[in-house]
Amino acid sequence: MLKTIKVTDTTDASKFSNVTDVATSGTTNIEMPHGTNRNNPFKVELVTSANAFVVLTDANGNSAKVQADANGKVTFNSVELMTGFSFTVQVTPEDGGEGNSYNVVVNNASNTTAELKNFTLKDPATGISYDVEWSGTKGTITLPYSYKAAGAMNDMIFYIKASTGAKVTDASNNDLVTIHGATYSDYSSWLPAIGKDMTYTVTNGDKTSTYTIAIKTGDARTQREVESVQIVGTNHNYEITENNTYKTEIGEATLNGKKVRTIEVTVPYTYNKTGAPATVYFNDLTLSDGAKAYYVNGGNLQELKTIAANTTESAKVTPLTTSGVMNAKKADGSLDPARAWAIYVLSEDENVNVVSGTTLPSGYTDKENASFYYLVAKTAEPERGNTLESIESTLDPNITTKLEGNTITINVPSSYATAGLVTAKGFTLNFETSKLATVYANSNPGIELKSDLGNKEAAKTATKFLV
């Protein structure tokens, strides 16, 4: 796949195109600065799929083949465009699969202009971009209110698109802004700020224009409610099953004579029976738009992280120990103050002032500038099912299984067995039981068998069977 193209006059390096996104179909048009001499050789810089093979054929039928690097970059240093001012590019994947052909036409701009065509801010953490809205030579970029938080703008990057061949300078210090067209500028010394106007001078030959861009935020969102919530017993998405997905409800209790909101989770009967602290995690905690949830950790507010927001980073998911909040809500509906564990939900206009891990909770009051939800837990009645519902080899198609009554038949290729040697090929199985039942080898208490849940990650800790 061909992604972008840039063309530069090798005789006059000041004559170059913007980086241009390749059309998904039809012809890609490249614009060179006005007055570019088409009799000169040109450097063509391409970005394509990693390690792809690229053949460039000019209008005269001359071809060259180059393999792209691991970043997909490839350069043809001397391309003759004299007769046709066009060329074709054939891209073939490294593995030799089906390739694609792209037609490219290069033309000169009809005249020389000095225009700032676009200015975009991008937040690399979210991948969201914010474009300027122009009114003549004055532009405005409107960001969400949350960017008022300390440090929220630090990692912002931006790109500028100007007239082909134009130069852009920061009018405050005359620093040249490196332009990469459709890619992001490397002008890293500039740090955008809310309420700070930026002025840029665009020059192209004898043409000059000046543009001013202001950054502002929209209105703060003021709602701070928990809209939905789900607590589970693992911090890995692939391990979530019916057995460790716990009934979770938003409720109400009385604390110091006042009604307060609760998040009530019902954990299994066997939870924490051995005396070890039992840990749960939020798989879902959907809040009002712009709101954030915090808990007190080490005396300070710490942002509460859910599994859904950290699918591959289990270490960043907030663990909550239920032993401290078990039966915190009494039979009469009151909370035990010693066990009441608060989750602070702050609206956008409040949470922009919070530095997670540093801000003290003392400045927040329930139903005034925050919404408190108290986590409470109770145990369910014991489950009494003891049936193996299904067993199969989901991850290894070479193995078949059959469950008939109390008999399990497993068919394994003979190559998996090596006379009991340690080199025997082990395999895992995916099995389901009655809710919360445990599978043992031999009689109970025996060796607990763990299912691979039909997932490669879960298989790493599942029981390995040998033939």
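pLDDT is the predictor's confidence in each residue, from 0 to 100.

**View 1. Confidence across the predicted model.** This is a predicted model, and its pLDDT averages 86 over the protein. A score of at least 70 is reached by 91% of the residues. Over residues 180-189, pLDDT stays under 50; for this stretch the model has 29 contacts beyond four places in sequence.

View 2. Strand β5 spans residues 53-58. Val 54, Leu 56 and Asp 58 make up its covered face, whereas Phe 53, Val 55 and Thr 57 lie on the uncovered one.

**View 3. The hairpin of β5 and β6.** Strand β6 (residues 63-67) pairs with β5 in the antiparallel sense over five bridges. Val 55 has Lys 65 of β6 as its bridge partner. Four residues lie between the strands of this hairpin, in which Gly 61 takes a positive phi near 90°.

**View 4. Pairing of β5 with β8.** Strand β8 (residues 86-92) runs antiparallel to β5, and six bridges join the two. Opposite Asp 58 stands Phe 87 of β8.

**View 5. An open sheet of six strands.** The strands follow the order β12-β13-β18-β17-β15-β16, with mixed pairing. At the edges are β12 (133-135) and β16 (175-177), each of which pairs on one side only. Neighbouring strands of this sheet are turned by 30° against each other on average, direction ignored.

View 6. β12 and strand β13 (residues 138-143) run antiparallel and are joined by three bridges. Thr 140 in β13 is the bridge partner of Glu 133.

Technical notes
Residues are numbered from 1 along each chain as its sequence is written. This is a predicted model: local features need pLDDT of at least 70, side-chain atom pairs count only at pLDDT 80 or more; totals for chains, interfaces and linings use all residues. Side-chain values use heavy atoms; hydrogens and water are left out. Buried means under 20% relative accessible area, exposed over 50%, partly exposed in between (1.4 Å probe, protein chains only). Two strands pair if DSSP finds at least two bridges between them. Contact means heavy atoms within 4.5 Å. Axes are lines fitted to C-alpha atoms, for helices over the stretch in contact, and angles run from 0 to 180 degrees between N-to-C directions.
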